[in-house]
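Thanks for coming. I will go through one structure this morning, starting with a strand and then moving on to charges and rings. Please have a look at the sequence and the model first.

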Amino acid sequence: MIEIRNLIVEKGESVILKIPNASIDVSKGTAIFGENGAGKTTFVKCILGIERYKGTIESSICKNKIQVLMQKNSYPPYAKTKDILKLILDKRDLSSLSTLLHMFDFEKNLNKKIAVLSGGELQKLNLILAFSKSHQILIVDEVTTELDYTTRWKLLNYIRDYRKNNNIGFIIVSHYPEEIKALCDNVICLKNGNLVSHCQVDTFFKNLKEDGEMYV
C-alpha cells in the first residue's frame, strides 16, 4: 500500500496540492484523473520523492522496484535509437525486444538518430524501455500522449495483459476516461489541487458528467 496523510505542496504562498488522506493499493490499477493543472503530475512526483511536500507518504514498495514513465525523457540527440536501447537495458542485441518492437512498429526506427524521431516515436521508445525492465509497480504519466489511435489501443491491451501476466501494480495519470475504464480498478480525482473523490472505477463512471466533471 501507499498511504498518504495530510499531503500539502506549496509554491511560494500558494497551495498547489492538498490531499488530506488517500490509500493506493499497489497490487491494483489506480488512475489519477483530472484536468490540466489539477495537480496530477505533482502528486506522482510526491509519491516518487522528487517533489518537496509536507505530510507523510508511506510505501510498501522499494524505490528500485518502481518503474516510471514520465512525459519528458532526454536522450543524446545524435545517438542511434538502437544504441540507446542497448545502453539503458544493458543488452548486446535486441532480439528479446522483438515483441515490443513489432507491436509499436519500431524496427524501422532502430538506425535513426534520436534527433529525427517524432514525438510519437519518442513516446514509443519510452514505452519499450519501460516494459523491458523488471518492477513491482509501473507509474505512467499520460501514457498515450502523441500516439496514433491504432497504437494507442494496442498499448492499452498490452498493458492490461502485461499487468495480469506479471502481477504488477499500476498507477496512471490520465484525463482519458477510456484509458481508465480499460486499465484501472480505482480512481483518484483531483481538481485545482484538491482531492475531489477516491473511489472504485464503477463509481467513478456513475458520477462522471459528459464534460468530464465529477458529481460530488
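Let me start with strand β8, residues 186–191: five of its six residues are buried, so the strand is largely enclosed by the rest of the structure. Buried here means under 20% relative accessible area, exposed means over 50%, and partly exposed is in between, using a 1.4 Å probe and protein chains only. Strands, marked E and at least two residues long, and helices, marked H or I and at least four residues long, are DSSP runs numbered from the N terminus.

Before I go on, a word on the source: this is a predicted model, in which local features need pLDDT of at least 70 and side-chain atom pairs count only at pLDDT 80 or more, while totals for chains, interfaces and linings use all residues. Residues are numbered from 1 along each chain as its sequence is written, and side-chain values use heavy atoms, with hydrogens and water left out.

Back to β8. Which strands pair with β8, and in what sense? Strand β3, residues 29–33, runs parallel to β8 and is joined to it by four bridges. Strand β9, residues 194–200, pairs with β8 in the antiparallel sense, over six bridges. Pairing here requires that DSSP finds at least two bridges between two strands.

Ile188 is a residue to look at in this part. The bridge partner of Ile32 in β8 is Ile188, and Ile188 also stands opposite His198 in β9. The hairpin of β8 and β9 has two residues between the strands, and in this hairpin Asn192 takes a positive phi near 50°.

Asn186 also lies in β8. Is Asn186 buried or exposed? Asn186 counts as buried, at 17% relative accessibility. Leaving out residues up to four places away in sequence, Asn186 touches Lys28, Gly29, Thr30, Ala31, Cys199, Gln200 and Val201. A contact means heavy atoms within 4.5 Å.

**Salt bridges**

Next, the charges. How many salt bridges does the structure hold? There are seven, where a salt bridge is a side-chain nitrogen of Lys or Arg within 4 Å of a carboxyl oxygen of Asp or Glu.

One of them is between the side chains of Lys54 and Glu10, at 3.1 Å from N to O. Lys54 lies in strand β4, residues 54–59, and Glu10 in strand β1, residues 2–11, so this pair ties together parts that are 44 residues apart in sequence. Lys54 is partly exposed, at 49% relative accessible area, and Glu10 is partly exposed as well, at 39%.

Another salt bridge is formed by Lys11 and Glu51, with 2.9 Å between the closest N and O atoms. Lys11 is in strand β1 and Glu51 is in the loop between α1 (40–48) and β4, so the pair ties together parts 40 residues apart in sequence. The two partners fall in separate classes: Lys11 counts as partly exposed at 45% relative accessibility, whereas Glu51 counts as buried at 14%.

Asp105 and Lys108 also meet through their side chains in a salt bridge, at 3.1 Å from N to O. Asp105 is partly exposed at 40% relative accessibility, and Lys108 is exposed at 55%.

**Aromatic rings**

Last, the rings. A search of the whole structure finds four aromatic pairs. Rings of Phe, Tyr and Trp (its six-membered ring) pair if their centres lie within 6.5 Å; planes under 30 degrees apart count as stacked, over 60 as edge-to-face, and the rest as tilted.

Among them is the edge-to-face pair of Phe33 and Phe204, at 5.0 Å centre to centre and 75° between the planes. This pair links distant parts of the chain, with Phe33 in strand β3 and Phe204 in helix α7, residues 201–206, 171 residues apart. Both Phe33 and Phe204 are buried.

Phe131 and Tyr158 form an edge-to-face pair too, at 5.2 Å centre to centre and 80° between the planes. Phe131 is in the loop between α4 (119–130) and β6 (137–141), and Tyr158 is in helix α5, residues 149–166, 27 residues apart. Phe131 and Tyr158 are buried.

Finally, Phe33, Phe204 and Phe205 form one aromatic cluster.
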